[in-house]
Amino acid sequence: MGSKRSGTSFITADPHLMSVLAMADKIAKSDVSCLIQGESGTGKEVLAKRIHAASFRSAKPLVTVNCGAIQETLILSELFGHEKGAFTGATHQKPGLVETANGGTLFLDEIAELGFEVQSKLLRFLQEGESFRIGGKAPIKLNVRVVSATNKDPLERIKAGLFREDLYYRINTVTLSLTPLRRRPNDIEPLLSEFLKAGAPSEVKGFTADAITKLKSYPWPGNVRELQNAVERFKILCDPPLVTVDEVVKHLNFGQEAASQPETFDLSLLEKHHIFHVLSHFEGNKTKAAQAMGITVKTLYNKLARYQSERGQSLN
């Protein structure tokens, strides 16, 4: 079983996840590129930190770029930098994040969100080991290890014409797939214990047996990050010393029918109800709601847009 997930380790007894961690430790000592796949909140960034910390590059920077959180018009400048006067507003020279990561590791989170122009430039950087700032004419030689991550299926993105196949094969010499929390029910209890001890002190000291059973039946669409945020809510909103099953149902908002039939519920519908419940709890504040659910604001907006689209289709 690992130690604190907030560092570079995972609390788990899941055989698949333990084998993934062992593989990550092995490849860390090489310099191969790797692609981490997993749902939001499963610990992709934590695994990237673990790989960097165990590598010979650990004394150099680990630079994280959330490709889904930066506007498409800005990502090229953020990644590769620009020269003074390269475009309107470029009042000074700006090194890119690939330069900041020189000698260390560049972690590209949600790489499948990148547009084709950025993909092309990234591919050239990976092939040649050199970068050009926007507006620059001289190549900048760099020594950077790239670790990528995505919560989408890259092969499906390739089939849909949204991701370059040659870039995919360049970034995934090794693929590491993280197990979602709903497939790791035996990890729930030790994770609850760890998260109760972490953060601000609380008079809540644990959970009743029924509450733990209920938590194990919940699908956790936001995975470990959502569990961690849920524990923080329980510590603030629940009566001490033990969180009861009624309080779990109240603050996670899932019905008896879904919990009693975990193999037959509609996960997408349950996720939709959960999202609207959390939004209601935070009075429509999307930033706070996204943080509580362990997803990005962009992901939340995408889900809400999809729900609106589905609603429109249902009215036709």
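This is a predicted model: local features need pLDDT of at least 70, side-chain atom pairs count only at pLDDT 80 or more; totals for chains, interfaces and linings use all residues.

Reader: Charges first. How many salt bridges does the structure hold?
Author: The structure holds 13 salt bridges.

Reader: Which residue does Asp-31 meet in a salt bridge?
Author: Arg-57. The two side chains come to 2.8 Å, N to O. The pair links distant parts of the chain, 26 residues apart. Asp-31 sits in the loop between helix 1 (15-28) and strand 1 (34-37). Arg-57 sits in the loop between helix 2 (44-53) and strand 2 (62-66).

Reader: Is Arg-57 buried or exposed?
Author: Buried, at a relative accessible area of 1%. Asp-31 is partly exposed, at 39%.

Reader: Which residue pairs with Lys-94?
Author: Glu-78. Their closest N and O atoms are 2.6 Å apart. Lys-94 is partly exposed at 23% relative accessible area, and Glu-78 is partly exposed at 26%.

Reader: What about a bridge inside a helix? How far apart along helix 10 are Lys-235 and Glu-232?
Author: They are 3 residues apart in helix 10 (residues 223-237), so about one helical turn separates them. Lys-235 is buried, with a relative accessible area of 9%. Glu-232 is partly exposed, at 28%.

Reader: Which residues are linked in a network of salt bridges?
Author: Arg-124, Glu-130 and Lys-141 form such a network.

Reader: Switching to Arg-133. Where does Arg-133 lie?
Author: In the loop between strand 6 (130-131) and strand 7 (140-141).

Reader: On a loop, then. Buried or exposed?
Author: Arg-133 has a relative accessible area of 13%. The cut-off for buried is under 20%, so Arg-133 counts as buried.

Reader: Which side chain makes a polar contact with the side chain of Arg-133?
Author: Glu-99, at 2.8 Å. Leaving out residues up to four places away in sequence, Arg-133 also touches others, including Phe-80, His-82, Glu-83, Lys-121 and Ile-140. Lys-94, from the bridge with Glu-78, is among the residues Arg-133 touches too.

Reader: Next, Glu-39. Which residues does Glu-39 touch?
Author: Lys-44, Asn-151, Pro-180, Arg-182, Pro-221 and Asn-223, again leaving out residues up to four places away in sequence. Glu-39 is in the loop between strand 1 and helix 2. Glu-39 is partly exposed, at 25% relative accessibility.

Reader: How many residues apart along the chain are Glu-39 and Asn-223?
Author: 184 residues, yet their C-alpha atoms are separated by 7.6 Å. A polar contact of 3.2 Å joins the two side chains.

Reader: What else is there on Asn-223?
Author: Asn-223 has a positive phi, about 60°, although it is not a glycine. Asn-223 is in helix 10. Its relative accessible area is 0%, so Asn-223 is buried.

Reader: What is phi of Trp-220 near?
Author: Phi of Trp-220 is near 50°, a positive value in a non-glycine residue. Trp-220 lies in the loop between helix 9 (209-217) and helix 10. Trp-220 is buried, at 1% relative accessible area.

Reader: And where is there a cis peptide bond?
Author: Between Pro-240 and Pro-241, with omega about 0°. Pro-241 is in the loop between helix 10 and strand 11 (242-243).

Reader: What lines the largest cavity?
Author: Leu-35, Ile-111, Ala-112, Thr-150, Pro-154, Phe-163 and Ile-171. By class, that is 6 nonpolar, 1 polar and no charged residues.

Key. Residues are numbered from 1 along each chain as its sequence is written. Side-chain values use heavy atoms; hydrogens and water are left out. Helices (H or I, at least four residues) and strands (E, at least two) are DSSP runs, numbered from the N terminus. Buried means under 20% relative accessible area, exposed over 50%, partly exposed in between (1.4 Å probe, protein chains only). A polar contact is a pair of N or O atoms within 3.5 Å; within protein, one must be able to donate a hydrogen and the other to accept it, and residues adjacent in sequence count only if both atoms are side-chain atoms. Contact means heavy atoms within 4.5 Å. On a 1 Å grid over the protein atoms alone, a cavity is a set of points where a 1.4 Å probe fits but cannot get out, and a pocket is an open set with protein on both sides within 12 Å along at least five of seven lines; lining residues have an atom within 4 Å of a point. Ala, Val, Leu, Ile, Met, Phe, Trp, Tyr, Cys and Pro count as nonpolar, Asp, Glu, Lys and Arg as charged, and the others, Gly among them, as polar. A salt bridge is a side-chain nitrogen of Lys or Arg within 4 Å of a carboxyl oxygen of Asp or Glu.
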